[in-house]
Amino acid sequence: MKLPLSRLYDFLETNASLQEIIDQLNNLGLEVEDVDNPEDKLGHFTVGKIIAAEPHPNADRLQICQVDTKEGKVQIICGAPNARAGLNVCVSLPGMYIPGLDITIKKGKIRDIESCGMLCSITELGLEGEDNDGIMELPETAKVGEKVIDVLGVNDPVIDISITPNRPDALGVYGIAHDLAAAGLGTLKQLEIPQLKTSFDSPISLSLEHPESCSHFVGYYIKGVQVCDAPDHITHFLKAMGCKSINAPVDITNYMAYSYARPLHVFDADKIGTKLCARLAQAGESLEALDEETYQLQDNDIVIADENAPQAIAGVMGGLKSGVYETTTNIFLESAYFNPDYIAATGRRLNIISDARYRFERGISPAFAEDGAKIAAQMIVDICGGEISHVVVAGKPPLPDTAYHLSHNTVQKLTGVEIDFTKQEEILRNLGFTIINQGKKLICVPPANRPDIKGEADLVEEIIRIYGINHVAAQPLPALGKKQPALTPQQKRIERVRNYAASRGLLEAVTYSFTEQSKAALFSDNLLDLANPISTDLSTMRPSILCGLLSAVSRNHAQGFKNNALFEIGRVFHGISEYQQPRYLGIVKTGGKSDSHWLAIQSDYTIYDLKADVLALLDNMGAPITGLNIVPEAPSYYHPKRSGAMKLGKETYATFGELHPKIAKAFDISGRVMVAEISLDTIPMPKVKKSTALPKAKIHSLQSVTRDFAFVLDQSVSAETLLRAVRKSDKKLITDISIFDVFTGGNLKETEKSIALRVTLQPTDKSLTDAELSSIMDNIISEVSKVGGVLR
Amino acid sequence: MSLSPDIISDLKNRLVTQINTIDDEQALEDLRVSALGKKGEISDLMKNLGKMSVEDKKFYGPLLNGLKSEIATLIDARKEVLSDIALDKRLETEGLDITLPCFPEPVGGIHPVSKVTQEVIDIFAELDFQYAEGPEIESEDYNFTKLNIPENHPARQMHDTFYFPQQEDGTRPLLRTHTSPVQVRTMLNSKPPIRIIAPGKTYRCDSDMTHTPMFHQVEGLVIEKDINLGHLRYTLEFFCKKFFEIDNVELRFRPSFFPFTEPSIEVDVKCDRSKDILKIGEGNDWLEILGSGMVHPNVLENCGIDPKEYQGFAFGMGIDRLAMLKYGMPDLRAFFDADIRWVSHYNFSVL
């Protein structure tokens, strides 16, 4: 809502400065977003008088002007043909900024002759108007040194206020003035409702069909008008509000909306029938509105209809054909109260944004329908002539009748601020509340223009708002009896694993939870699409934590950054229930730790890097990693032969491996992509330990013994199978098995591989004899043979 | 061979000279064998002892043994010298260029959003707030209706909500537009006293310089018997001082409107914008940082809490914005691109 200061003064008598007004508006909850003050931009331009103008000896079109300015006589070279002695002009002196030209004036020489300023045209000041090939010709009455904006009458600051949806009263200048006056910033001028001279019965009658949607309908028939343009003070106001001027009657309805938050409508009375009815539209009805669009109406749209058809979408927009134009001679002025819910629903469905809708859907004052119409009717006949009919009315205004009780201690209880109860009453009265004082309690009926007041808390807000909310002083929070830890164990471990992943050299990313549908479809058939996505590439909820990471890696590759090691923690979406939005930790790695390096120990990331990451992170979360089954059961977007799932029982804790090349290609990533997903919500919490003591370290006095083996196995036998067989051969003595070589080729068959491993045996009470040792080795060989392994 | 003191002293002189001039470990070993070995020169001389008289034995025995140990000692000493020389020589050839770069270990880090979230949780933990969470796909009921935002109210439209297609039961699931549904869930599932801090992802159908369709919010909720706006002010001042790491902070309250609070307040913090870097806590400018207020009685009632018995405040602020204000990231949109240069630069080390 724009507030030109000049219009505020129409309603408020005040000596407050602009800054005081701005500060008070902020204090009242009428947030000032911007101030357009001509003084700031143009206040330095002053009136000068050309004393003499002589031709420039070196240029035909230039004149040397001697100008009387606020700083004395100066010489200015001017190229304008209308520069002449005796003319009052707009002067800018060296050092001054010219907004229309975006330059700062300097003293200088023009064709060898000194010039100490500039005489300005209207557009050079950035103001609207015609230059007519010359400098501004200011009135003879202007005095040298006077501010040009004062002479032009444009010294009117406009304050831009963000009005919250609960304050429909402040959608008119009068409402704002009322609030400022209540806060003591000035005196509200008495609102004068004109005594209309009404001389005949309106040929148009009014009726209501559906009181729930429209309960009060008022009209005046104004005959014999001569439609002309509105006077300047109205058109200037409208322009400041960002509204186009049409003609006087239409402009007056807009003036009423901006001044009193009272939208009105004028019909050309000769284009409509004689029976106007506020009713709900019937299915199939339509209307060509003032914006020249035709709208299909539904049975919950309120319309103003005559005997034949809807003539206006009530409270939203009038009809094109029944509008008031220069040719109009008879006007029907309509003023009504419409249910905000209906207006909001219609406006939203038809997607019509209008000043009327904006006000009606927030709730206008039901008490002002007739008074508003009177003001407008008088203005119309004052400007356009004509005669006003007796008023026609249907229904009655739905005035607020609910009273709210305010206890003497409620303000203190909610705000912590003590305000004298009589002061509280005074504040509410100043805001227009009707009050019955019952000593320890006020019974308050809100003014009609405040539909937002619906309870005691609202009264408190009004009082503290006017009293000054910055009277609220800090008070320490009371101590809590029973304290709970801030984080649950699960929250704690998610934050810990986030930090741990970062400490392992992974960079955390945060990417959008939605992605392109075609990308999401690569990960799941069960997609959750948004009904109203912001764009097609952000249309579908991610079914995997990898979606955003892969898009990011793709962009990084395109920028030439091939080494990526990213992770993200976030929800993935399988359905709308809260159990279908589990949290995952995703990892994506491409390239290697470094580009070519003289140490040459660099190699590209493999699935084993990812496996190491996953195991380390699972361990960090307290998952029982030694008991995990690692099985080739990763989803189909993984490489079918280079991926796996880590499971305990039926629960999958994580999947890892190489991304399927087709998926990598879909993301436009060349080269192998290593990925992993850890399901954070399925990993059980580790058991709470009864003691802080750690288990005893196993440091044996006897030396351990190592023995190396190489087994030839079928390619299909996994290392895990081999390790399990070896472990099984002696669960007590074998403390470690390490695989130190995996070999294929040579004289092995194509279906075979050789795995070499070192087994560590740790005797506990006595050293192993040769016989014992060879028996263990035999056991190992025999167990391995059960899985098809042959000692090489 | 006949033995004389001269022979012994000659041998000694010769051996000493030889030992001192040898500069090769193998030659020294050869000399040791030729002098002290079983068939060595000293051993040869010692063979004479058996044939000697007791008196001669008494004379030559100590002399020869002395010679033997003296030569052995000298050889050992010379050996050490030679081995040191050899080691020095080897070391000299083993030089490495210490200025060569080492292999780069990748440096990880957490995202500014996570960093700020952790900071916020830690600060409010000092005031006994608990960290609360909830799903991101929510119901209209939890996101709006329970929060006193009726169907047709313009406030509902102002949220630019992302919806999912209408369900069979007529409901329209949505992406939460604020983390307030977490407040609703907390109130429905627990009894006062309630003190929670709820950070998380939120979504609005809006995108420009300062808005992204996904962003992060943190909300706080305190519901107890006698909580008033003064406690809100204290809590926010406490937070601002800790978060911005300043000793003093000045807050300005401005009345505002949120359907779920009454009175509603927007809070500005005093700051200095006169230089390139924004400074919180100094200067004469105001920066809006959050919205807050006393929880609306309707909200309490909708969430099963008796507004006659309990009251409290709620507040909400943008985590991304807090990160930008504190750490000076210029552009919100870059937060969610995971550009490797951005995350490498702005992510935080955790160690």
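Start by selecting helix α12 of chain A: its buried residues pack against β28 (404-407), α11 (410-415), β29 (434-437), β30 (441-445) and α13 (456-467) of chain A. Here contact means heavy atoms within 4.5 Å, and buried means under 20% relative accessible area, with over 50% called exposed and partly exposed in between (1.4 Å probe, protein chains only). Helices (H or I, at least four residues) and strands (E, at least two) are DSSP runs, numbered from the N terminus.

Before moving on, a word on what is on your screen. This is a predicted model, where local features need pLDDT of at least 70 and side-chain atom pairs count only at pLDDT 80 or more, while totals for chains, interfaces and linings use all residues. Residues are numbered from 1 along each chain as its sequence is written, chains are lettered from A and ligands numbered from 1 in the order in which they are written, and side-chain values use heavy atoms, leaving out hydrogens and water.

**Stop 1: along helix α12**

Select residues 421-430 of chain A and colour Phe421(A), Gln424(A), Glu425(A), Ile427(A) and Leu428(A), which are buried. Looking down the axis of α12(A), you will find these buried residues within an arc of 160 degrees, so they line one face of the helix; the arc is that of the directions from the helix axis to the C-beta atoms. After α12(A) comes Gly432(A), with a positive phi near 100 degrees.

**Stop 2: a sheet in chain A**

Next, find the open sheet of five strands in the order β6-β5-β4-β7-β12 (chain A), paired antiparallel. Its edge strands are β6 (72-78) and β12 (118-119) of chain A, each pairing on one side only. Two strands pair if DSSP finds at least two bridges between them. Zoom in on β5 (residues 63-69) of chain A, which seven bridges join to the antiparallel β6(A). Ile64(A) sits opposite Ile77(A) in β6(A).

**Stop 3**

Now pick Gln491(A), in helix α14 (residues 489-503) of chain A. Is Gln491(A) buried or exposed? Gln491(A) counts as buried, at 6% relative accessibility. Leaving aside residues up to four places away in sequence, Gln491(A) touches Ala486(A), Tyr131(B), Ala132(B) and Glu133(B).

**Stop 4: chain B as a whole**

Finally, show chain B, with its twelve helices and ten strands. Its C-alpha atoms fill a box of roughly 130 × 50 × 40 Å, taken along the principal axes. Buried residues make up 52% of the 351 residues in chain B.
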